[in-house]
Amino acid sequence: MARNDSLEIGELTDTSFYILLSLVEARHGYLIMQNIEELTEGGFSIGPASMYTTIKKLLSAGLIELYGDGKGKRKTYIATNSGLQLLEKDIQRRELMIVHAKQVLNQKGEKSG
Amino acid sequence: MKKKYVTSKGLAFGEEKDMGKLRYYAKQGWVLDRFAPLGFWLKKGEEQDLSFAVDYNKNPDDEYFAYFEQAGWTHVCSEADYIHVFSAAEGTKPIYSDRETTLDKYEVEKKNTGRVALPSLIATILLFVLGNLGSIPGIIGEILIWLGFLTMIVFIFSGMPYVGYQYKLSKLKKG
């Protein structure tokens, strides 16, 4: 697919992060957006075209798979084992980012305080 | 039913302008009905403030349209089961919400038009060169030249959008 593919370098975009997180449990594709808005209290929302494109990418990368025999609108997805592993890895990457940020900001606070 | 025709700038070059034009007319009660050659057909309806958005997807399934419906976007019309226009109340969140998938949209279109543009350019050059060779008898040479004009038209209508998408991508990547 396209070259701007963060999955290839083993990172999740915010969009794929939240989709994968929603699919820890099996869920209808069209209900994922709603689930994410509820989870983040409206703080993060995914447009329908971004949603569809990202679902297709996660499917072709083997990070999610079809669950049951739902068709069309009723298609249901669930994260695969490699999807869950990548999610775990990405959570650690994001946690580290927060640790780094806090280190820098705390040091700055100590200096000026 | 009253109808009105409006021109399109070509989606590869004037997507935003075209969508803005559709919004402008919808406010006056002329609402998008369907695609027309090099433009759109509008029909008289209620005056409403609508946003319009275009997306590309070959032979989309029900799931695709279900996502849009769920997000408040109504499917208005499609061209060749490939180009789809949606409308929603002004202020509805956009259909693309992140950079990566926005770039994907135009990368795929660039690739698709490029796949037609390059072979048709090569065919045009070959046909013109062959048609002008002295060793080829007159009538065949003439046919080759005419075929060359046909492939040149194909090249123009695929090469121009290709350039449009390339321009859009370079703007998006800079921004």
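This report describes a predicted model with chains A and B.

## Basis and confidence

Residues are numbered from 1 along each chain as its sequence is written, while chains are lettered from A and ligands numbered from 1 in the order in which they are written. Because the model is predicted, local features need pLDDT of at least 70 and side-chain atom pairs count only at pLDDT 80 or more, whereas totals for chains, interfaces and linings use all residues.

The predictor assigns the complex an ipTM of 0.88 and a pTM of 0.88. For chain B the mean pLDDT (the predictor's confidence in each residue, from 0 to 100) is 93, and 100% of the residues reach 70 or more. Among the elements of chain B, the highest mean pLDDT, 97, belongs to strand β6 (residues 83-89), and the lowest, 93, to helix α4 (residues 138-174). Helices (H or I, at least four residues) and strands (E, at least two) are DSSP runs, numbered from the N terminus.

## Chain A

Chain A contains four helices and three strands, in the sequence order α-β-α-α-β-β-α. Its C-alpha trace spans about 60 × 30 × 25 Å along the principal axes.

Of the 113 residues of chain A, 28% are buried, that is, with 20 or more other C-beta atoms within 10 Å of their own, C-beta atoms being placed from the backbone. Contacts are pairs of residues whose C-beta atoms, placed from the backbone, lie within 7 Å. Of the contacts in chain A between residues at least 6 apart in sequence, 49% join residues at least 24 apart.

## Interface

On the chain B side, 23 residues are in contact with 24 residues of chain A. The elements of chain B that give two or more residues to this side are α2 (62-70) and α3 (99-131), and α2(B) gives the most, seven residues. By class, this side of chain B has eleven nonpolar residues (Ala, Val, Leu, Ile, Met, Phe, Trp, Tyr, Cys and Pro), nine charged (Asp, Glu, Lys and Arg) and three polar (the others, Gly among them).

## Helix α4 of chain B

The end C-alpha atoms of α4(B) are 52 Å apart, which agrees with the 54 Å that its 37 residues should span at 1.5 Å a residue; the expected span is 1.5 Å times one less than the number of residues. The buried residues of α4(B) include B:Phe155, B:Tyr162, B:Tyr165 and B:Lys168. The buried residues of this helix pack against α1 (11-27) and α3 of chain B.

Key
Buried ≥ 20, exposed ≤ 12 C-beta atoms within 10 Å, placed from the backbone. Contact = placed C-beta atoms within 7 Å.
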